[in-house]
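Visitor: I am new to reading structures of this kind, and I would like to go through one slowly with you. Could we take the features one after another, beginning with a single residue?

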Amino acid sequence: MDLSLNVNGRPEQFSAQPNELLVERLRDGLGLTGTKVGCDTGQCGTCVVRLDGRSVKSCLILTAAAAGSAVTTIEGVTTPGGELTGLQEALREEHGTQCGFCTPGMVMALGELVDNTTDREPPTEPEIREWLTGNLCRCTGYHSVVRGVQRACSAARAQAPVEQGTAQPATAAASGQEG
Amino acid sequence: MTAVTGETPLQAPIQGNGLLGQPLDSREDPQLLRGEATYVGDIDLPGTAHMAILGSPVAHAKILSIDAKAAEQLPGVLKVATAADFTDVMPLPCIWIPGGVESHFPPHPYGLPGSRPVLSGDTVRHVGDAIAVVVAETPRQAAAALAAISVEYEPLPVVTRADEALAEGAPQLHEAVPGNLNAYWTCGDKDRTDAAIAEAEVTVELDLVNQRTINSPIEPRGAVGDYNAATGEYTLYASTQGPHNHRFLLSALVLGIPFNKLRVVAPTVGGSFGTKGYLYPDMALVLLLSKALGRPVKWVDTRTGLMNSTVQGRDHRQHVTLAGTRDGRITAVRCTSYANLGAYPSTIGPGVATALMGRSISGMYDIDAAFCEVYVAFTNTVPLGAQRGSGRAEAAFLMERLVDRYASEIGMDPAAVRRRNLVPKEKFPYDNGLGWTYDSGDYQLNFDRAIELSGYADMPARKTEARTRGKRLGVGIASYVAICGVGPSTRMSKEGMLGGTWESANIRVHPTGEVTVTVGSASTGQSHGTVFAQVAADELGIDPATVQVYEGDTLKAPYGQGTYGSRSYSMAAPAIALTARKLKAKLVKAGAVFLGVPEDKVVYADGKVFEAGNEENTKTFAELAMAMWYGWGLPPEIEPALDETTHFDPPDFNYPFGTHVAVVEIDELTGETEVVAYTAVDDAGNIGNPKIVLGQIEGSILHGLGQALMEHAEYDPDGQLVSRDLGHYALPRAIDAPFFTLDKTTTPTPHNPLGAKGAGEIATVPPAAAVVNAVVDALSDLGVQHIDMPVTPEKVWRRLRGEAQ
Ligand code: FES
Ligand code: FES
């Protein structure tokens, strides 16, 4: 069947078997290998992409079912060798990745959480851990990932255009702290 | 400023510029975070065909016939192959024959009876045993064609437990191995131990099951074979942690092709934890089929495939005994273990089950008499191999369970019993009577730190408070010593390891002053590129940004034995440091020429040479690099260029150690165990990059907690793996642990120039014991003396209701 998807801002037209999985289209059809396959039962989360803004496991969705939607993969998050997003930067600072196989899926899943915290209280540690339950990591024990998300959320809020944003440096100065 | 002149001895202390010990950011992380790293599944060579493997659906059977005609007719299918196609290919070697086999002076026989062929022909011995392969144009076509191969089986009786496999009348796996006994192995002094136990004031005994586990790296294994007909050269891209070793074993021992015609490349590897250091049939098959078809052949495993074919771990059934005095002095420990080797001896599986476990059983304690015997048996299960913390974790589990059992028997505090029996600082090097000599340690300091940090003294109050919330709080301690730093090669030969275990490094200084370090290890997520650059830059006194690290490609790197057993930083990094010292020594000689002063007046420090007492007369590292590249004016005894290699074979192993304290809360109603606090104080000697090590410690602890609480590779009586995918095999998720409280002590080893001990997996060793000790503590008033792992809510719930184990 002839299908179309918008992938990372680019329209793609192709013909696909009805039983083709979205992850197969992305990896094998479009060569976007940043999205990984770690299991065959929808358990590991290495294949998470964003479908019309929401994170989904691309191994659990038929390409046909995603037809007409906008897909964002890890390749759509940064340019090759380019600047990291706030979340990626925070994960880098906390060394939230070791072998890296789970990482693209984590970045895609956690990106949604971080993006949605600029206008609300930052997520608590248990909330972040809950959010992460769909993604398995065997290397890090998740701790550095959780710290990375905390860091990213604080940074995102600090940069968000809220009133007390300008008051913070004064507070720091008043308490005698120096950078 | 530290300075060096002339030659430096092997064991000279660190002489760096202070870079070591700094938490530099991992330079690998940005590519990983952008999804730009290439794993084996991402390799896409032009013209690639795809391979799928038919695994046996039954655990034990004779193969009566295989009919592949229908499969061959399917669209896209290029070839179907069975054992009959590979009769000239040798079995996959097993290179660890326990019990010391120096009689196998090289060239050695390449395997044990029972070694596995690349495809099984007349008999299958475990579910997933490879019997046929299909190569097709697409992965889907290859997978679809597997279903069209019809195989006729004649079922044979099945055995999945090691102790049952050794019983009279048990099903037999290999004709050449009557009775299924692969090895009987002992260490320690049996008579002395038996006597100490017979005479003891107090003895305690436990029957333990150290259940089978699956490491489950998140990336399943994969391999791409590429044969070049024009040159006769083979290239294997594989998710391997030991490319050089795989090259040696595959070329010379399996395929029978010249060593110099095989190149093995490890791309980015998505975790391993021991499992990707083994030789698997697929590695040989993609090469053979690439040659047969004239195009690259690629295979990437599924998760279910991994569960049924990648080596599994632990799996001991043990009877253990500890003897001591009424006042808490341990006098003897004894272990009889039945180790489940699986259907075939994997590359080093027999050694994991024996020496790596048995020689460590006395842990951190100064015990007069110790003895361990291991029966290693074939069964109809996936071959046994290393799992993160392999052998050491099983040893720590049995000893630390015994200590708690003993403490409860004599009515002493478990911390006090441990404290009393720790090997005292002044006894190092300490011969543990089981074959290991611990290099260095301050166990008291480490132990006290962990106890204090965990708030151990407050536990009674916390227990009372927890009761008010319907929870039973328990606290468990586990201490450990973990053998790391494998070589020394000669010692490993005595252990029965057929092969050297040294490590090497090359440093090449380019004319522009930049540096390339190549090493024989292969990272599976340990940021080697960052840490090894740090080591070279530290020794040479240069900016780490100018140092590039390469590894994992046998064409580019010097020989090495790979990354396993937490050995990279205490084996490859010393090789780098020693190589840098060779370069410095050469630069001191050359500096005499360039500075126009006698050699004993030349100082190398902070990335330059200068005249002692006259720092104006100096040449920077970059100037020296260029001058050595030109080679002008050098006397005949100094070769031009700067390019040195070191093969490092340490005088002995190193022995990191530590103490962990787990606090659990058990829900009275549901039996659920929650780890509410976890304290770990580990000692890995001098640490190169604490940021990298922190990540490894955290990951390791959660891995260990996984074994305690949820992981179990469970076989049914027919030999079917019940936990065959991630829906049935539970891995810890982010909600399964709180943040850990971590600290370290630092006791350098004398066995390498960095004073570094293994670190990567050591923190996987004690958590299972700490958690089970904590659970038993929480249930002790119910008369519970032991509970088998994994400690599931159901098991605990039954114990809460007074049911026996
Ligand atoms: S590949 Fe594991 S959840 Fe999709
Ligand atoms: S970093 Fe290796 S699985 Fe997460």
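Visitor: Is A:Glu12 buried or exposed?

Guide: Please keep in mind first that this is a predicted model, in which local features need pLDDT of at least 70 and side-chain atom pairs count only at pLDDT 80 or more, while totals for chains, interfaces and linings use all residues. Residues are numbered from 1 along each chain as its sequence is written, chains are lettered from A and ligands numbered from 1 in the order in which they are written, and side-chain values use heavy atoms, with hydrogens and water left out. Buried means under 20% relative accessible area, exposed means over 50%, and partly exposed is what lies in between, computed with a 1.4 Å probe on protein chains only. A:Glu12, with a relative accessible area of 15%, is therefore buried.

Visitor: With which residue does A:Arg10 form a salt bridge?

Guide: The term stands for a side-chain nitrogen of Lys or Arg within 4 Å of a carboxyl oxygen of Asp or Glu. A:Arg10 pairs in this way with A:Glu12, and their closest N and O atoms are 3.4 Å apart. A:Arg10 itself counts as exposed because its relative accessibility is 54%. Over all chains, the rule gives 58 salt bridges.

Visitor: Which residue of chain B meets A:Glu24 in a salt bridge?

Guide: The partner is B:Arg140, at 2.6 Å from N to O. This pair crosses between chains, since A:Glu24 belongs to helix 1 (residues 22–29) of chain A and B:Arg140 to helix 3 (residues 139–146) of chain B. Here helices are DSSP runs of H or I with at least four residues, strands are runs of E with at least two, and both are numbered from the N terminus. B:Arg140 is partly exposed, at a relative accessible area of 37%.

Visitor: Which parts of chain B are tied together by B:Lys276 and B:Glu219?

Guide: The side chains of these two residues, B:Lys276 and B:Glu219, form a salt bridge at 2.9 Å from N to O. B:Lys276 lies in the loop between strand 11 (262–265) and helix 7 (281–293) of chain B, and B:Glu219 in the loop between strand 8 (202–213) and strand 9 (222–228), so the pair ties together parts that are 57 residues apart in sequence. B:Lys276 is buried, with a relative accessible area of 1%, and B:Glu219 is buried too, at 2%. Elsewhere, salt bridges that share partners join A:Glu93, A:Glu94, A:Arg147, A:Arg151 and B:Glu698 into one network.

Visitor: Where does B:Ser239 lie, and what does B:Ser239 touch?

Guide: B:Ser239 sits in the loop between strand 10 (233–238) and helix 6 (243–255) of chain B, and its relative accessible area of 2% makes it buried. Contact means heavy atoms within 4.5 Å. Leaving out residues up to four places away in sequence, B:Ser239 touches several residues, among them B:Glu219 and B:Lys276. Its side chain also reaches the backbone nitrogen of B:Gly222 at 3.0 Å.

Visitor: How is the interface of chain B and chain A described?

Guide: The size of an interface is often given as the accessible area lost when the parts come together. Buried area is that loss, computed with a 1.4 Å probe and summed over both parts. Chain B and chain A bury about 4,300 Å² between them, 55% of it on carbon and sulfur atoms. The contact takes 54 residues from chain B and 55 residues from chain A, and the rule finds six salt bridges across this interface. Helix 1 (29–33), helix 8 (303–309) and helix 19 (690–709) of chain B each supply at least two residues of the side that touches chain A, and the largest share of that side, nine residues, comes from helix 19 of chain B.

Visitor: How many residues of helix 16 of chain B are buried?

Guide: Helix 16 is mostly covered, with 13 of its 13 residues buried. The expected span of a helix is 1.5 Å times one less than its number of residues. For helix 16 (residues 528–540) of chain B this should be 18 Å, and the end C-alpha atoms are 18 Å apart, which agrees. The helix is followed by B:Gly541, whose phi is positive, near 70°.

Visitor: How many helices and strands are there in chain A?

Guide: Chain A has seven helices and five strands, and 51% of its 179 residues count as buried.

Technical notes:
Buried area = accessible area lost by both parts, 1.4 Å probe. Polar contact = N/O pair within 3.5 Å; in protein donor to acceptor, adjacent residues only side chain to side chain.
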